[in-house]
Amino acid sequence: MTRIKRGYIARRRRTKMRFLVSGFRGAHSKVTQTIIQQRIRALFSTHRDRGRKKRDFRRLWITRINAAIRGGLVSYRYSTLIHNVYRKQLLLNRKILAQIAILNRNCLYMISNAIF
């Protein structure tokens, strides 16, 4: 009987997996079993951290707005400002307010005085 060699399908699948982990170091990009584990772990981390990134940026914006308000001429807090922004139905979200607080603090004071 003639010898039957294995096909190329499994090799092609492993090559595809190796391409996805090509930036990893050591056995994490060489050994097939470790590649599978690291790929699962990487996909899990990216899924988890997409939500975490949104959360972290929101915290950063809130901190910046609060610091700008407390350090300035205004006598109230972040929560009061946000409440009044929504009450006046202004189209300013936390990201925009944080940018204004960094780039032009006087404009933030003008906005806060106008909504009270």
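In helix α5, residues L108, Y109, I111 and S112 are buried, where buried denotes under 20% relative accessible area, exposed over 50% and partly exposed the range in between, with a 1.4 Å probe and protein chains only. Viewed down the axis of α5, these buried residues fall within an arc of 160 degrees and therefore line one face of the helix; the arc is that of the directions from the helix axis to the C-beta atoms. The face turned away from the buried side of α5 carries the exposed residues N106, M110, N113 and A114. The cover over the buried residues of α5 includes α2, α3 and α4. Helices (H or I, at least four residues) and strands (E, at least two) are DSSP runs, numbered from the N terminus.

The structure is a predicted model, in which local features need pLDDT of at least 70 and side-chain atom pairs count only at pLDDT 80 or more, whereas totals for chains, interfaces and linings use all residues. Residues are numbered from 1 along each chain as its sequence is written, and side-chain values use heavy atoms, with hydrogens and water left out.

In soluble globular proteins, nonpolar side chains tend to be buried together. With residues up to four places away in sequence not counted, I69 touches V74, Y76, Y78, L81 and L108, contact being defined as heavy atoms within 4.5 Å.

Helices α4 and α5 pack at an angle of about 125 degrees, with their axes 5 Å apart. The two helices are therefore oblique to each other. The contact is formed by L97, I100, A101 and L103 of α4 together with R105, C107, L108 and I111 of α5. These residues divide into 7 nonpolar, no polar and 1 charged. Axes are lines fitted to C-alpha atoms, for helices over the stretch in contact, and angles run from 0 to 180 degrees between N-to-C directions. Angles under 35 degrees count as roughly parallel, over 145 as roughly antiparallel, 65 to 115 as roughly perpendicular and the rest as oblique. Ala, Val, Leu, Ile, Met, Phe, Trp, Tyr, Cys and Pro count as nonpolar, Asp, Glu, Lys and Arg as charged, and the others, Gly among them, as polar.

The loop between α3 and α4 contains K88, which at 45% relative accessibility counts as partly exposed. Q89 is placed in the loop between α3 and α4 and is exposed, with a relative accessible area of 69%. Just after α3, Q89 takes a positive phi of about 60 degrees. Most residues other than glycine have a negative phi.
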